[in-house]
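Please open the structure in your viewer and keep the selection tool at hand. The stops below move from the whole chain to single side chains.

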Amino acid sequence: MKIRKIVRNFFGFSRTETNGFLVLMPLMIFVIFSEPLYRNWRAQAPIELKDETHKLDSLVQLMAMSQTEVSSSLAPVLFPFDPNKATQSELTSLGFSKTLASRIENYRNKGGEFRIKQDLLRLYGMDSSLYVLMYPYMLLPESLVKREKFVTEKINVAKIEKIKTDLNQADTAALKQVYGIGEKLSLRIINYRNSLGGFIQTSQLKEVYGLDSMVVNRILKNFFIPDVVEPTKININTASEEVLAKHPYIKYKNAKAIVAFRYQHKAFNELDELLNIKVIDQNTFNKMKPYLTVSD
């Protein structure tokens, strides 16, 4: 009764309002303090991680076994070879990837010839570390003295160290070695390269946002783009509008027009049919053509 009287006098409540207030107050206190008490109780409860620990141990053991199997199956067998004559199976056993071995054979079938050891670096996908490993086993001269005349010299390690790196194989760590390129620019270069499907000419570096001509020149002193490049290609007969629109040279307007044209006229038989689409001019077509295909 004393509490009711104090509440009524302090707040000016009626008898009914006072009774309601006295009932509501304990409920409000309970609601306010229940959540912190519950969290404190949950924090002190022991966490059982036996099942998760067992799963993690099994996963680590499985990964270790897989890594051992892969490393043993991919161990290269080094022997003297001529890249102008070696078969695909011989190249893969040396340590070349199946894609690179096939690319070497295609290059030879098109009339290409490796005249000196460094010619192998002109191929798209040829890693400089693999080149250094294969260098002593290549049955090719290091340089040409006169036309159709070769000279044999000992391996010059200094020359190997100065060899430029394929820009399409460079990672952020390699790019950051160039003065003027930091974390953001190196990531931007790689992201743009991946969105294109690979660089096919040096002028494309100027399309990377934030790269000025001085930095581009420094990049080209340390990296190169191979003469023979097979970029990742998009099949315009099967690719969705979203996939097409992500390419820097196609974008949304052209992607939408390509899908609409394909829907009206069925499949494209050749890439030149893209010029029948009004929104695609000759310049745009020339830029996107190397990255497109009409077959798998």
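Predicted model: local features only at pLDDT ≥ 70, side-chain atom pairs only at ≥ 80, totals over all residues.

Residues are numbered from 1 along each chain as its sequence is written, and side-chain values use heavy atoms, with hydrogens and water left out.

**The whole protein**

Select everything and colour by secondary structure: the protein has 13 helices and 6 strands, which are DSSP runs numbered from the N terminus (helices are H or I with at least four residues, strands E with at least two). Of the 296 residues, 31% are buried, where buried means under 20% relative accessible area, exposed over 50%, and partly exposed in between (1.4 Å probe, protein chains only). The accessible surface comes to about 20,400 Å², and carbon and sulfur atoms hold 56% of that area, as computed by the Shrake-Rupley method with a 1.4 Å probe, with only the protein chains shown counting as cover for residues. Among contacts with a separation of 6 or more, 53% join residues 24 or more positions apart, a contact being heavy atoms within 4.5 Å.

**Helix H9**

Which residues of H9 are buried? They are Leu185, Ser186, Ile189, Ile190, Tyr192, Arg193 and Leu196. Seen down the axis of H9, these buried residues fall within an arc of 160°, so they line one face of the helix; the arc is that of the directions from the helix axis to the C-beta atoms. An α-helix has 3.6 residues a turn, so residues three or four places apart point the same way. Turn to the face of H9 directed away from its buried side, and you find the exposed residues Lys184 and Asn194. The cover over the buried residues includes helix H8 (172-175) and helix H10 (213-222).

**Salt bridges**

The structure holds 4 salt bridges, each a side-chain nitrogen of Lys or Arg within 4 Å of a carboxyl oxygen of Asp or Glu. Select Glu230 and Arg103, whose side chains meet at 3.8 Å, N to O. This pair links distant parts of the chain, 127 residues apart, with Glu230 in the loop between strands E4 and E5 and Arg103 in helix H5. Glu230 is partly exposed at 36%, whereas Arg103 is buried at 10%.

Next select Arg122 and Asp227, which form a salt bridge at 3.3 Å, N to O. Arg122 lies in the loop between H5 and H6 and Asp227 in the loop between E4 and E5, so the pair ties together parts 105 residues apart in sequence. Arg122 is partly exposed at 36%, and Asp227 is exposed at 61%.

Then select Asp272 and Lys289, where the closest N and O atoms of the salt bridge are 3.9 Å apart. Asp272 is partly exposed at 39%, as is Lys289 at 37%.

**Thr284**

Finish in helix H13 (residues 282-288), where Thr284 is found. The side chain of Thr284 makes a polar contact of 2.7 Å with the side chain of Asp281; a polar contact is a pair of N or O atoms within 3.5 Å, where within protein one must be able to donate a hydrogen and the other to accept it, and residues adjacent in sequence count only if both atoms are side-chain atoms. Not counting residues up to four places away in sequence, Thr284 touches Tyr249 and Asn254.
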